[in-house]
Amino acid sequence: MGKALYIAEKPSVAQEFANALKINGRRSDGYIESDTAVVTWCVGHLITMSYPEAYDPALRRWSLQTLPFLPKEFKYQVIEGVSKQFGIVSKLLNRQDVDTIYICTDSGREGEYIYRLVDQMAGVKGKARKRVWIDSQTEEEILRGIREAKDWTEYDNLASSAYLRAKEDYLMGINFSRLLTLKYGPTISGYMRTDRTVLSVGRVMTCVLGMVVRREREIRDFVKTPFYRVIGNFETGGGSFEAGQPPSEAVGLNFDGEWRSVEGSRYFQSPYLYKENGFKERERAQELIDLLSANPPMTATLAKVERRKETKNPPLLYNLAELQNDCSKMFKISPDETLRVVQELYEKKLVTYPRTDARVLSTAVAKEIHKNIGGLRSFQPVKDFAAEVLEQGSYKGIAKTRYVNDKQITDHYAIVPTGQGFGAMRSLSPLAMKVYEVIARRFLSIFYPAAVYQKYGLELVMDGEHFFTSFRVLAEPGYLKVADVSQLKKKSSAGKGAAAGKDGADPEAADRDGGEKEDSETNQKDMENPAFIAMLATLKKGMTLPVNSLTIKEGETSPPKRYSSGSMILAMENAGQLIEDEELRAQIKGSGIGTSATRAEILKKLVNIKYLALNGKTQIITPTLLGELVFDVVDGSIRQLLNPELTASWEKGLTYVAEGSITSDEYMEKLERFVAGRTYGVLKLNNQYQLRGSFEQTGKYYDRQ
């Protein structure tokens, strides 16, 4: 009986497989061997696509005459720095005493590609190959993956999409980078006074560059509009005021309300208004105050008191993009750094596979979820919560909730703690410990009930003019007690004044709309005051309240926010939302720009080639002058590369190949037609002079900085 060969993606992962299989054999150079099995490893990619000069030495020289470059058969070569390990792996794959190969590279498209290239280059024949697909590196999961390994041919469609992804990036990168460098590089060099400019263009990276530059130019072109709101400060006296009765002289609690122009107001639909809650000119706001304060003492009548309960459910579990976004905000680290940390946690058996787009669990995992929860009793920050979940049995019905959905999972379920690996915690950095805690808290949150808020909405009338305010009081913390309380307290305790816009609105969206969000500081303070909260419960329609003051609050519209590294990852994941065409948006739903495995690397590359700048302290992303010039070049030549529509639809096409909906040949035909068509289109252009004018316009902004 022949030996089994297990091939992993990294040495550390190979060791975990050896441990799980109890392979205590001799460790040789590049592999571990026992009497029955051999374990070896890649070191990431061992094979890469060959450059054009491998097809023809004349192609080493960049020339417009040799474009488009569309080889009929693609060539591959061993990466020079890892050729020794490839030689070791190749010999093992072809050893006569090896009859079964277990493919244990990362369970995803890229991991599949890594092995397929090695198998192809090594010329493996006559061996059974089985694909091991796992969600964590715990011993139990590794043994399950080996036990349930499927014939590798069941992953042929996934492999096809992996090959096509690489060919697509290669053809667009080689052709468009050479094309635009030769056509426009001298124009950029002439403007920037550099010797030579090489333009780096790619299917995904150029689209991301376009998103950042467009946002920056929106900010640059934004003209702030001042506006003036009228704020009334109202006082209560313990809730003792009845309609028609004079106010008590007792000192009460006060709160702010914002004037709005509603039907019946002197200013209803007036041209003097900025929206319905402010004026374009200070004089008009003062005019309103003068009218309302003409007959002291000022009082207002409670025209409406609304009370309702609002529930807030625990959020879905983390996928990589959501985790990268939160870590960017909480710890000010880049998506690349977050991926590095969570990959370390994965390799140390602490969390499940990180490169996932799913935010839910599978039905199979839900059945065994008590094991994950039980393990967290060994993790000090959340041990009491884990014990509480087990004691109350709240995990038992999880399979029937929105947190479990097999249809929303492609390769892997959400990132959750395995409940194992705590022996490795001593070697973790403080940052890795924090990231692990964030994942653990999000995971345990789903076993807790919703948070319940008591909401109050008040409408006051003063001489025919209406003032509005609202408050939100946390009545039952629910899942919030397991969440990071220090972070949530500020968000959940603040009163939601009328100026804050619609309840539950996305604050960043409000900023993009030029909104103005200024909760009253008084209202925020009062929500911490138990006496004030008790007072809210006593308010009744028809009460008369004293008006302490009427003031003008000046504000101005806000420009859109710049992307942070985290919000950019989310924007890449949700690229479909940027697409105006409803039919196309629905068609590519679930596909974004790049994949969970590649987005951080793309962002990092754009920073490394100095097209984008990343502020290490704030994680804010801005374009560089060079990045904007490259944007102008692409905008004037192959504009489609800047559009999320194109990039996301290509990604959707790769998904169709992986699903078997379309063939590789169909996809390649479309790809070659696109590359050739755009190349010929640019060759006919003669727009360098116009672009020079665009460069000078852009450069003026940087000259002023």
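Student: What makes β7, helix α3 (residues 109-122) and β8 a right-handed β-α-β unit?

Tutor: The rule is about direction: with the strands pointing away from the viewer, the path from the first strand over the helix to the second runs clockwise. β7, α3 and β8 make such a right-handed unit. Helices (H or I, at least four residues) and strands (E, at least two) are DSSP runs, numbered from the N terminus. This is a predicted model: local features need pLDDT of at least 70, side-chain atom pairs count only at pLDDT 80 or more, and totals for chains, interfaces and linings use all residues. Residues are numbered from 1 along each chain as its sequence is written, and side-chain values use heavy atoms, without hydrogens and water.

Student: How do you know that β7 and β8 pair?

Tutor: Two strands pair if DSSP finds at least two bridges between them. β7 and β8 have 4 bridges, in the parallel sense. Threonine 100 stands opposite alanine 128 in β8.

Student: Which sense applies to strand β1 (residues 3-8) and β7, parallel or antiparallel?

Tutor: Parallel, over 6 bridges. Leucine 5 stands opposite isoleucine 101 in β7.

Student: Why is strand β7 (residues 98-104) called largely enclosed?

Tutor: Buried means under 20% relative accessible area, exposed over 50%, partly exposed in between (1.4 Å probe, protein chains only). In β7, 6 of the 7 residues are buried, so the rest of the structure largely encloses the strand.

Student: Why is glutamine 137 called buried?

Tutor: Its relative accessible area is 1%, and the cut-off is under 20%, so glutamine 137 counts as buried. Glutamine 137 lies in the loop between β8 (128-131) and α4 (139-147).
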